Structure formats: structure tokens, C-alpha cells
Amino acid sequence: MKRQIFTEDHDAFRETVRTFLAKEVAPYYEQWEKDGIVSRDAWRAAGRQGLLGLAVPAEYGGGGESDFRYSAVLAEEFTRAGAAGLAVGLHNDIIGPYLTSLATDEQKRRWLPGFCSGETITAIAMTEPGAGSDLQGIRTSAEDRGDHWILNGSKTFISNGILADLVIVVAKTTPEGGAHGLSLLVVERGMEGFERGRNLDKIGQKSQDTAELFFHDVRVPKENLLGELNGAFVHLMTNLAQERMGIAIAGIAGAEHLLEITTRYVKEREAFGRPLAKLQHIRFEIAEMATECAVTRTFLDRCIADHSDGTLDAVHASMAKWWATELQKRVADRCLQLHGGYGYMTEYRVAKAFTDGRIQTIYGGTTEIMKEIIGRSLLG
């Protein structure tokens, strides 16, 4: 089915993204995977190409484009290229809205130009060793000292944790406030007491630096409070729908790409003297995955269009996230099986996609949390 949500401008942007990936990412990606981190040069190249800060006002060096469909194009093309390590979606679609919607004019002048040029790489630090989806379990705290905060605590599983120059930290500023006593504090590279732990060894997305962060009596200026004091819970909930949409878009794009790869493979690979594609079981497997992808794509495109119009709600974003990522997981498993022994070899794209994509049903809110959100909306 022909997709109907994109214009010629989106198609031209897609070609720009593909050219960037071919020139600035593909030749170096294998080395980044070995290094466990992406080169900062790639971030600066993305900035020069206009791929960072798409929705940031032009006065700060951004694209000034609020149409989420451009972000969808980025997510789809980076997924198809297997380039999860360069976390442009995290930077643009998860952290970007906090800076554009919550930052003061002074903060925007300080942070947004580097955000758009790729000189300032960003991260958001919410998850702790003992607190994931449950914000009430956060222990990182900030004590008010008049003109500054004293920040103490630790975070884990922080994407861009090693490279980040600017980290939005979720911290408890009113101990008795529970989830409503949390604030967003911006910690910058070089602040005394801010330390990074090890670059965590994951089963997939090897080039995406994921780290532990430690804060020991970090002096954070009052000017680095982002948004309202004790307002982090509302701020976080406001931006979660877009984060989940980005993950969902990557999920369906990943599933579709794996289906393409596997369809070609079973046409070429022979068993018992004929191509695998001639076997009824193989045809049924491909038919089932193709149908599931087509149905999911239709729903996701509707969600992309709604989000671009500002009408997508949290419930449908949760539906998109859990359905598309669970589909991606199933398709990756089935496609690997259809590749046989070759599917288990890391040189084959399906093997890398299998491990890279496994996190999709976990971060941004687990499948179980998505179902809880949907269920509550229906049953109270």
C-alpha cells in the first residue's frame, strides 16, 4: 500500500538522510561498534547536514520545523541502516522538546546552538539502580543552598552517558513530595563531582555509549533548573508520547527491513534442490509477517499524522509502542530462524538486528507498562 503521509519535501529529506548515512556513518560504523562509542565527528557532521535540532527555532541554529514527519523519516532511515549507535532520535525527539519548551531565553541561548551544531551532545538521566519506570523510587536528591543546588546520587543505563556534554538529571528537590517532588536539573560536562562510570557492555547497540553516572556534591547553579521547581513529573509525562512514537517508528521500520532481507534470502538460498521460497511453510511465514507489518504500518502512519497535528494522545502512543516493538521482536526471531545457521553469524544483518532491537520492548517504558496505561484508560 502506498504511504500517504509524506510530501515531496519529506521524500527529498529522506534522500538527504540516506546520503548522510552512506557517507558519514556506514564507512565507520564497524569501528564504532568495536570501540563501543560513536565518534564526535559524526555528531558534528549531522549538525552540518541539518539533522540535529529539526524543531529548534532557526534563531538558535535549528531547522524551525515542528512537523514530526521529518523525525519519522530520520528514525526510519537510521533503523534501516542499522545505525542505532548515533542516537539522533534521543537528542532531537526526547531531549530537544525539554530544551525548546521549558528552557528560559537565557538557557536557550546557552545550550541550543551547540545542540544544533553537534558540539553539545545531550542525555537525560532518569533511571537509577533501584528505580526504573517508578519515579517515586528515585533517590538522587538536590539540596537547596540559596544560589545553587547540591546534587547527590547515581543513575544507570544512560544513553549517550559517556559522550554527553549536557545531562538533564531527574532529582528529588522536595523529599516529602514523592513523584511530585522531583525537578529537572541540567548538569554540564566539567562540573566538579560529576563522574561517569563504565561504558556498559550490552548485548546489542554496541556503539551506543550507555553509562553509569555519579553525582557527589555537584554544585548546580539555580540558573540550571529546567522548567518548574518540583514540576518534573508533569514535564516527563508531557514528553513521553513523542519518545514512545520514536521507538515505535523504529520498531516497524526494523521489522519491515528484516522482512525485505529475509524475503531476498529465501529466494536465493536452496534446500533439497530448490529455493527455500518454494516451500509452503516458508511462504506462510513470509505471508504472515508481511500482513502483520502492513497492518502495523497503517496504524503507525495514522499515529505519525496525528502526532504531527498535535492530536495523538498518550494511550494511542502506548499502543503504538508496545505493538510495534513486540512485532519487531517476533519478526527478528522468525527471520533469524529462516536464515538457519547463517542467522546466528554476526556478519549477517539479521543477527545484529536481533540483538540491537531487543531493547525496544524495554526502554521508553516496558511493554507491561504500556499495557497498564492502556488498561487504566479503559477500565479506570
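Q: Is Glu-59 buried or exposed in this predicted model?
A: This is a predicted model, in which local features need pLDDT of at least 70, side-chain atom pairs count only at pLDDT 80 or more, and totals for chains, interfaces and linings use all residues. Residues are numbered from 1 along each chain as its sequence is written, and side-chain values use heavy atoms, with hydrogens and water left out. Buried means under 20% relative accessible area, exposed over 50%, and partly exposed in between (1.4 Å probe, protein chains only). Glu-59 has 68% relative accessibility, so it counts as exposed.

Q: Where does Glu-59 lie, and how many Å is it from Leu-112 in space, C-alpha to C-alpha?
A: Helices (H or I, at least four residues) and strands (E, at least two) are DSSP runs, numbered from the N terminus. Glu-59 sits in the loop between helix H3 (40-48) and helix H4 (68-80). In sequence, Glu-59 and Leu-112 are 53 residues apart, while their C-alpha atoms are separated in space by 9.5 Å.

Q: Which residues does His-235 touch, not counting residues up to four places away in sequence?
A: His-235 belongs to helix H7 (residues 232-268). Its relative accessibility is 12%, so His-235 counts as buried. With contact meaning heavy atoms within 4.5 Å, the residues that His-235 touches beyond four places in sequence are Tyr-98, Leu-102, Leu-184, Leu-226, Gly-227 and Glu-228.

Q: What is phi of Asn-160?
A: Most residues other than glycine have a negative phi. Asn-160 lies in the loop between strand S3 (148-159) and strand S4 (166-172), and its relative accessible area of 1% makes it buried. Its phi is positive, near 70°.

Q: Is Phe-272 buried or exposed?
A: Phe-272 is in the loop between strand S9 (270-271) and strand S10 (274-275). Phi of this residue, which is not glycine, has a positive value near 55°. With a relative accessible area of 80%, Phe-272 is exposed.

Q: What percentage of residues 123-218 is strand?
A: An unreviewed UniProt entry places "domain: Acyl-CoA oxidase/dehydrogenase middle" at residues 123-218. UniProt positions are given in the numbering used here, feature names are shortened, and annotations may be inferred rather than shown by experiment. The end C-alpha atoms of this span lie 17 Å apart, and its content is 0% helix and 50% strand.

Q: How far apart are the end C-alpha atoms of residues 236-379?
A: UniProt, in an unreviewed entry, lists residues 236-379 as "domain: Acyl-CoA dehydrogenase/oxidase C-terminal". The span is 76% helix and 3% strand, and its end C-alpha atoms are separated by 24 Å.

Q: What is the radius of gyration of the chain?
A: The chain has 11 helices and 10 strands. The globule rule (2.2 Å times the number of residues to the power 0.38, with the radius taken over C-alpha atoms) gives 21 Å for 380 residues, and the chain is close to this, so it is as compact as a globular protein of that length; its radius of gyration is 21 Å.
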